[in-house]
Amino acid sequence: MKNINFKTNLKQKGLYLGLAALLIVPSSCSDSFLDVDPQGKQVGAVFWVNEADATKAVNAMYANLRSWNNTAFAAIAVESMGSDEAEKGSTPSDATFFNLYDTFTVGSTDGQLGGFWEGQYQNINYANQVITNIPAISMDESLKARYLAEAKFVRAYSYFRLVRAFGDVPLRLSLPKDASEYNLPRTPKADVYAAIEKDLSEAAAVLPQNYGATDLGRVTKGAAQSLHAKVSMYQGKWQQVFDLTTQVINSGQYSLFADYEALFRVANENSTESIFEIQNELIPSNKEASNSQYSQVQGVRGVTGGGWGFNVPTEALSKSFEAGDPRRDATIIFRGETTPAGDAIPATGDNPMYNQKSYVPFKLYVTGFSEGSQQNVRVIRYAEVLLMNAEAANEIGNSVQALASLELVRARARGASKTILPKVTTTDKATLRTAIWNERRSELAMEFDRYFDVIRQGRGTEVFGPKGWKAGKNEVWPIPQNEIDLSAGVLTQNPGY
């Protein structure tokens, strides 16, 4: 059996456990859920015995969050490509399936749908393994409770990604006892949302506000509350959004990082603004654990230390920023520029723009490893909590608080300048709502948020209609046909597909 050094600090990335010990098919009898690397394989019969086993299982759960299906092509296709801020990139003939998402012509058989579905249900299965098996282990009770809370957060996070993407999805909250429980029908999205909220409420009641250095990157109370606020926002529960974001704000645990561009660099991962990040690292002694391709697939094409050049910003995004907004240049790498880290971008190349938020300076590239494999994925930032608070405050009639939270985000972006990004002062509810939506577009650009943001705002036809988006169909993507086939028809397809 291969020896893997399981570290408690999630930045150390020795987080693998063989899936023979962990995986049971989560929502269908698809063999694909078992088709993963068997690093550190441990016989299932002798696992789930002690505290060390529990720690390995929880660490493996975190490790899967950075997998290909969670952070690379599938996530780009499902969570970014439909938006007006991103397009395929690379060369015209490379990975043309992305164009099907960009034009809303994708069918149920495209592989990225299945990859995204599989990635989320793998996360859920890891979490369910933890939730089912750890209670019987004799170990430190406070640590046990925390591990269960961490698993509930991960389960909720993946179900949120699924319900946004597909609507009704199978809800599995326990391990199947036998083959008769492999195939579950789709659960109404309202019930899925209720299960997500329950998990997050229970997680927040247990999780600590912060951790010491050895546990950096684990889920906190603030992460559970912030994700709960976002889930509530998608359901229009504005008082709940306001209450949850106010708790996070008043916790005193977070603040905006002064330099917006530097916020996304490797050196500033897990900063004071970070509420939850997927932890990635390049470990010279453990190439198998240095497996994140999040930055690689989006990196500047055609240069050493760059990447493949997918998921590139659009001209529409570039033009959407207010005049002089420094977030434009902090979000977009332009052909011919020199980055703040000193990298000269060629004046000619396949694409005029690249995603700067996923960029890793070329000097950090290590031969034999994926470009940018050390770059964390920012999932929830304090800036978004402030913008959720602003939007909720406006919706419940508290324009004073809405303007205050909005101004904090704009002031950080403005910096010392006296001439850009003036204070928003309107108290008209509709006008202020639009200002907050525009601020979300600028602040969260290229962070895989815009597409579903526009849909939950009810503006799909207005914003995406010119690309082919149709109301009554494109609020969700098609259920992967392979999953329907494997379920023997238990799963049903979304309307219009």
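Gln457 is found in the loop that links α17 (450-456) to α18 (460-464). In this predicted model, Gln457 has a relative accessibility of 12% and therefore counts as buried, the cut-off being under 20%. The Gln457 side chain makes a polar contact, at 2.7 Å, with the side chain of Arg459.

A further loop residue is Phe448, placed between α16 (429-443) and α17. Its phi is near 65°, a positive value in a residue other than glycine. Phe448 has a relative accessibility of 12%, so it counts as buried. Ser90 also takes a positive phi without being glycine; the value is near 55°. Ser90 sits in the loop between β1 (86-89) and α5 (97-102). With a relative accessibility of 3%, Ser90 counts as buried.

Strand β6 (residues 377-381) contains Arg378. The relative accessible area of Arg378 is 9%, so this arginine is buried. Its side chain reaches two backbone oxygens. One belongs to Leu263, at 2.9 Å. The other belongs to Arg265, and lies 3.1 Å from a polar atom of the Arg378 side chain. Beyond four places in sequence, Arg378 is in contact with Leu263, Phe264, Arg265, Asn268, Glu269, Phe276 and Glu277. Within this set, Phe276 is also one of the residues with the most contacts inside the largest nonpolar core.

That core has 107 residues. Besides Phe276, the residues with the most contacts inside the core are Ile134, Phe153, Phe166, Ile196 and Trp477. Helix α7 (residues 141-166) gives the most to the core, with 15 residues. Trp477 has contacts in several parts of the sequence once neighbours within four places are left aside. Among them are Ala77, Val78, Tyr101, Phe104, Val106 and Leu113. Trp477 is also in contact with Ala165 and Phe166. Further partners of Trp477 are Tyr451, Phe452, Asn494 and Tyr497.

Helix α7 is mostly covered, with 22 of its 26 residues buried. Its length fits its residue count. At 1.5 Å a residue, the 26 residues of α7 should span 38 Å, and the end C-alpha atoms are 37 Å apart, which agrees. Just after α7, Gly167 takes a positive phi of about 80°.

Helix α10 (residues 238-250) was examined in the same way. Its 13 residues should span 18 Å at 1.5 Å a residue; the end C-alpha atoms are 18 Å apart, in agreement. The buried residues of α10 are Trp238, Val241, Phe242, Leu244, Thr245 and Val248. Their cover includes the helices α9 (221-234), α14, α15 (399-414) and α17. Strand β2 (274-278) is also included in that cover. Gly252 follows α10 and has a positive phi, near 75°.

The chain as a whole has 19 helices and six strands. Buried residues make up 61% of its 497 residues. Along the principal axes, the C-alpha trace spans about 65 × 50 × 50 Å. For 497 residues, a compact globule would have a radius of gyration near 23 Å; the chain has 22 Å, which agrees. Of the contacts between residues at least 6 apart in sequence, 69% join residues at least 24 apart.

The mean pLDDT is 92, and 91% of the residues reach 70 or more. Helix α14 (residues 382-395) has the highest confidence, at 99. Helix α1 (residues 19-22) has the lowest, at a mean of 37. Where pLDDT is low, predicted coordinates should not be read in detail.

Key. Residues numbered from 1 in each chain as written. Heavy atoms only, no water. Core = buried A, V, L, I, M, F, W, Y, C linked by side-chain atoms within 4.5 Å. Buried < 20%, exposed > 50% of the residue type's maximum accessible area, 1.4 Å probe, protein only. Helix = DSSP H or I, 4+ residues; strand = E, 2+ residues; numbered from the N terminus. Contact = heavy atoms within 4.5 Å. Polar contact = N/O pair within 3.5 Å; in protein donor to acceptor, adjacent residues only side chain to side chain. Expected span 1.5 Å × (residues − 1). pLDDT = per-residue confidence, 0-100. Rg over C-alpha atoms; globule rule 2.2 N^0.38 Å.
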